[in-house]
Amino acid sequence: MTASNPLHDQSPTAHLDSTAHLMNRISSQLARQLTLVGPDGRRRPDPPALVVVAHGSRDPRALRTVTALLDEVRALRPGLPVHLGHIELNEPLLADTLAGLGDREAILVPLLLGRGYHIKRDIPGTAAASRVRARVAGALGPHPLLAEALHARLTEAGWRTPEDEATRRTTAVVLAAAGSRDPESKVDTARTARLLTARLGVPVVPAYATTASPSVPDALAALAARGRTRVAVASYFTAPGRFATQCADQAPWLASAPLGTHPAMAHLLLHRYDRTTTPAATTPSLASA
């Protein structure tokens, strides 16, 4: 008795499966081609490239997370050229990514949660030194989508908003961020904290891993002095890294994972891209906080 050859399987099920797979591929390719054609039948101009600008980290999990996030962006917007560039520590560096784009048009969207030196100086400076016709989007935060992702990450870690008033009076959240010397960065983090407070129904206090104050331990101590002893730490970081791990280790109760590949992050990157490409074409449901 000879074994059947899977390459020559003539069963009806295999035939139907291969036919369905082929049809799905054809439909996907046709849909992608149709996005390139305008209502008048002419080919649409190529869209500006999306260059996501990450900070960079020595933690290998950070690069894996950012790469996976960009894959989600590509899945949401087939046909859009999506590239990655780092400010430091990881390859490709932003300058190298831009060099590879030549003189084409690109929108640079920082994978950064608030205003600061990188957005105001580093990224525009690198773009100006390249041949790329670049526009730089603003920081991702503050934005309701970030509050949505933070809430989801807390829920995954075990967060449940207390229903009784006594427990509510002892509960709070520390929003742990990286920190910056730029005062506008603290303003942005504080606005995100207010958005999260509205979702959770308990106080959310911004705190920082470095540079800015209060530190996470100081914020926890201040809350404890006010009777808030049931305190969660919400990780306001885009990817795993030293600061995110440090802040999570300081949590007296539970700590959420970084924002990472939460679907809201991919949608927010595309929203910032769209706003920068056509500033007048805003989407009400995604309006900035």
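Helices and strands here are DSSP runs, numbered from the N terminus. Keep that in mind as we walk through this predicted model, since element numbers will come up a lot.

Let's start with a loop residue. D59 sits in the loop that links strand 1 (49-54) to helix 2 (60-76). Is D59 buried or exposed? Buried means under 20% relative accessible area, and D59 counts as buried because its relative accessibility is 17%. What does its side chain touch? The side chains of D59 and R61 are joined by a polar contact of 2.7 Å. If you set aside the neighbours within four places in sequence, D59 is also in contact with P240 and G241.

Now step back to the whole chain. It has 10 helices and seven strands, and of its 289 residues, 40% are buried. The accessible surface comes to about 15,200 Å², with carbon and sulfur atoms accounting for 55% of that. The D59 contacts with P240 and G241 bring up the matter of sequence separation. Taking the chain's contacts between residues at least 6 apart in sequence, 76% join residues at least 24 apart.

Three strands form an open sheet in the order 6-5-7, and the pairing is parallel. Strand 6 and strand 7 are the edge strands, each pairing on one side only. From one strand to the next, the twist averages 30 degrees.

Strand 5 and strand 6 pair in the parallel sense over five bridges, with V173 standing opposite V204 of strand 6. Toward strand 7, strand 5 runs parallel and is joined by six bridges; here A176 has S235 as its bridge partner. How many residues of strand 5 are buried? Seven of the seven are, so strand 5 is largely enclosed by the rest of the structure. You can follow this on both faces: T171, V173, L175 and A177 point one way, A172, V174 and A176 point the other way, and all are buried.

What lies across these strands? Helix 5 (residues 144-156) lies across strand 5 and strand 7, and its direction makes an angle of about 125 degrees with strand 7.

That leaves helix 8 (residues 216-225), where V216, A219, L220 and L223 are buried. Why do they end up on the same side of helix 8? They cover an arc of only 100 degrees around the axis, which puts them there. As for what they pack against, the buried residues of helix 8 meet strand 5 (171-177), strand 6 (204-208), strand 7 (230-235) and helix 9 (242-249).

Just after the helix, G227 takes a positive phi of about 90 degrees.

Terms used. Residues are numbered from 1 along each chain as its sequence is written. This is a predicted model: local features need pLDDT of at least 70, side-chain atom pairs count only at pLDDT 80 or more; totals for chains, interfaces and linings use all residues. Side-chain values use heavy atoms; hydrogens and water are left out. Buried means under 20% relative accessible area, exposed over 50%, partly exposed in between (1.4 Å probe, protein chains only). Helices (H or I, at least four residues) and strands (E, at least two) are DSSP runs, numbered from the N terminus. The arc is that of the directions from the helix axis to the C-beta atoms. Contact means heavy atoms within 4.5 Å. Two strands pair if DSSP finds at least two bridges between them. Axes are lines fitted to C-alpha atoms, for helices over the stretch in contact, and angles run from 0 to 180 degrees between N-to-C directions. Accessible areas come from the Shrake-Rupley method with a 1.4 Å probe; for residues, only the protein chains shown count as cover. A polar contact is a pair of N or O atoms within 3.5 Å; within protein, one must be able to donate a hydrogen and the other to accept it, and residues adjacent in sequence count only if both atoms are side-chain atoms.
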